[in-house]
Amino acid sequence: MDAKIFVLVAHKDGKADDSAFELAAAARAMFPGSAPIGLVCGSGVDAVCGEVAPLLAEVWKFNQVALGYPNAELIRPLLLNVIPAGSVLLLAHDTFGYDLGPGLSVKLGATYVPDVVGFDGLEETTLRVVRQEFAGQVSAHVNCNIANGAVVTVRSGAFKPAEAGPAGAIVDRSADAAGLTAKRKFVELIQAEAGDIDITREDVLVSVGRGIGDKENIALVEELAAAMGAAMSCSRPIVDAKWLDKGRQVGTSGKTVKPKVYLALGISGSFQHLGGIKGNPFLVAVNKNPKAPIFQVATVGIVADLLEFLPVLTEKIEKLK
Amino acid sequence: MEILVCVKRVPDSAENEISVGPGGTDIKRDDLVYSVNEWDNYAVEEAIQIVERDGGNVTVVSVGDSEAEDIVRREMAMGANNGLLATDAAFEGSDGLGVATILAAAATKASYDLILTGALADGGAAQVGGMIAALLDLPYASVVNKIETKDGKSLRIGREIEGGNQEVSDIELPCVLSIQTGINEPRYVGIRGIRKVASVEIPVLDAGALGIAAGSVGAAGAKVKRVDYFVPVAGAGAEMLTGSNDELASKLVELLKAKGGIK
């Protein structure tokens, strides 16, 4: 492939996002010998350009006040102006990628290759990747025809961050980003509520997911947490159902926690949930589904019915006292 | 407001153990429990709430066969006014862009102010809504967790971004939004509701009716093709404990004590 390879560099508060380092590595792994070009869009982005230049062959800077907040509806037409037909663009599979990527691929006439977790080869114009389906319960090899280019979104953690090399040249292309308008305008950012407990500071978390089945069964988890002297957290479906507060949600759309011990009760283990657990805790998974992806990452696994198992466990812990 | 909601019939991954079938070409589909994609159900509820507040109609559309029709009917039992089914042998094997092309064509059959999809479905791609928007040249926002109607010309929306923060924007109508779970509490659909819509005629649109050229969608038009399903070789994987509940609990208590999990 002699297509140009681009990496969209996400950044915040003057620093490149971790994804930029992983995408630079992904670009070189998928397209060996390519000279990946970083795209940095924003307002006051010199520091970010300098930070990522050692990862890339070249960095294109798009510095405009209008790009001060990353609005995909502005950045999509900007990229359409500057990316040649047939190119490959890599971006992170996150909420900005959801916004930008699918529409960009349509407008470029390029193939959309979403949520790549692994690379499995490139032959001529067929890119072979690994994806996950059904909430991570099974994986799939997928062949993508990228003869007309591709927009590829890469899951966080799928590639090890790139090491710094000789710094690529920074090219100021801000003039190409002038006069952009969009039918969607950013108003404000509302920070997540703190909630009644700060689960990010807890050493031991007893975390409950959809497998608990019913709101009234949450009491079984509360009793276990109380017996252990631990705090209770949860996965997203429990917050969606309004059984617990948002402040207790672990995951990419909730809190990032770093406990020493983490009990995942009835949690299947979606990458969004696992993305919120850092620091490699002693992770115990209890789930009635032996195929639940959580068992791939847990330290210890138990296949059991929570409603029967939790009272037995709580009673044994109570007896220690 | 005239609202179109795109829905998909999927194996319910919360209710099913998904495993790979013989030869890896498909998952084992016998005995799977199917339902409407969870995110789509929130999208339909949101549309119904908007129409209850501001007037208009909710139309639900799905790409698929007679089984997808059951899903459309279920969402009509929830309160959607109309249903549409896009069915054609030529649609089978469509990739994300194929599905988006079919839905975009269905959307042009009437004049909609707002098109909703779920933010994600069973494939985890989060792609169809953004593609529909691009195909129809409409503004788009993904993972929407709040919609406020304003003057009929625009909406104030919230997007759920990383860390649970909410990004608030104004977006012009008509537009396409993908809906995040938790935006509302989808209403319960009772047997009575299902019975009420059991015999409602649901119009079927084929490739001809939608003006879609054969070969542009379906397996023939797909540029993204699944080769096989597999179960990844787990790294170390979990050490699985076995025994009765009593034995399991005893083993776990010892481990938790050793790791400082019991204070």
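In the predicted model, four strands form an open sheet in the order β8(A)-β9(A)-β10(A)-β12(B), and their pairing is antiparallel. The edges of this sheet are β8 (118-123) of chain A and β12 of chain B, each of which pairs on one side only. From one strand to the next, the twist averages 25°. Strands of a sheet pair through backbone hydrogen bonds, in either a parallel or an antiparallel sense.

The sheet passes from chain A to chain B at β10(A) and β12(B). A:Val142 has B:Arg226 as its bridge partner in the β12(B) strand.

In total, 71 residues of chain A are in contact with 72 residues of chain B. On the chain B side, the elements that give two or more residues are the helices α3 (96-107), α4 (128-136) and α8 (245-258), together with the strands β7 (140-149), β8 (154-160), β9 (166-172), β12 (224-230) and β13 (239-241). The largest share, nine residues, comes from α8(B). Sorted by class, the side of chain B that touches chain A consists of 36 nonpolar, 20 polar and 16 charged residues.

Helix α8(B) packs against a helix of chain A. Two packed helices are described by the angle between their axes and by the distance between the axes. For α9 of chain A (residues 306-319) and α8(B), the axes come within 9 Å and cross at roughly 50°. The helix α9(A) is therefore oblique to α8(B). The crossing of these two helices is right-handed. From α9(A), the residues A:Glu308, A:Phe309, A:Val312, A:Leu313, A:Lys316 and A:Ile317 take part, and they meet B:Asn245, B:Asp246, B:Leu248, B:Ala249, B:Ser250, B:Leu252 and B:Val253 of α8(B). By class, the residues of this contact are eight nonpolar, two polar and three charged.

A helix pair within chain A was also examined. Helix α3 (residues 72-82) and helix α4 (residues 95-108) of chain A have their axes 9 Å apart and pack at an angle of about 35°. The crossing of α3(A) and α4(A) is right-handed. In α3(A), the contact involves A:Ala72, A:Ile75, A:Arg76, A:Leu79 and A:Leu80, which meet A:Phe96, A:Asp99, A:Leu100, A:Gly103, A:Leu104, A:Lys107 and A:Leu108 in α4(A). The residues of the contact between α3(A) and α4(A) comprise eight nonpolar, one polar and three charged.

As a whole, chain A contains nine helices and 18 strands. Its C-alpha atoms fill a box of roughly 70 × 45 × 35 Å, taken along the principal axes. Of the 321 residues in chain A, 56% are buried. Among the contacts in chain A with a separation of 6 or more, 64% are between residues 24 or more positions apart.

Conventions
Residues are numbered from 1 along each chain as its sequence is written. Chains are lettered from A and ligands numbered from 1 in the order in which they are written. This is a predicted model: local features need pLDDT of at least 70, side-chain atom pairs count only at pLDDT 80 or more; totals for chains, interfaces and linings use all residues. A residue is buried if 20 or more other C-beta atoms lie within 10 Å of its own, exposed if 12 or fewer, and partly exposed in between; C-beta atoms are placed from the backbone. Two residues are in contact if their C-beta atoms, placed from the backbone, lie within 7 Å. Ala, Val, Leu, Ile, Met, Phe, Trp, Tyr, Cys and Pro count as nonpolar, Asp, Glu, Lys and Arg as charged, and the others, Gly among them, as polar. Two strands pair if DSSP finds at least two bridges between them. Axes are lines fitted to C-alpha atoms, for helices over the stretch in contact, and angles run from 0 to 180 degrees between N-to-C directions. Angles under 35 degrees count as roughly parallel, over 145 as roughly antiparallel, 65 to 115 as roughly perpendicular and the rest as oblique. A crossing is left-handed if the near helix is turned anticlockwise from the far one by less than a right angle, and right-handed if clockwise.
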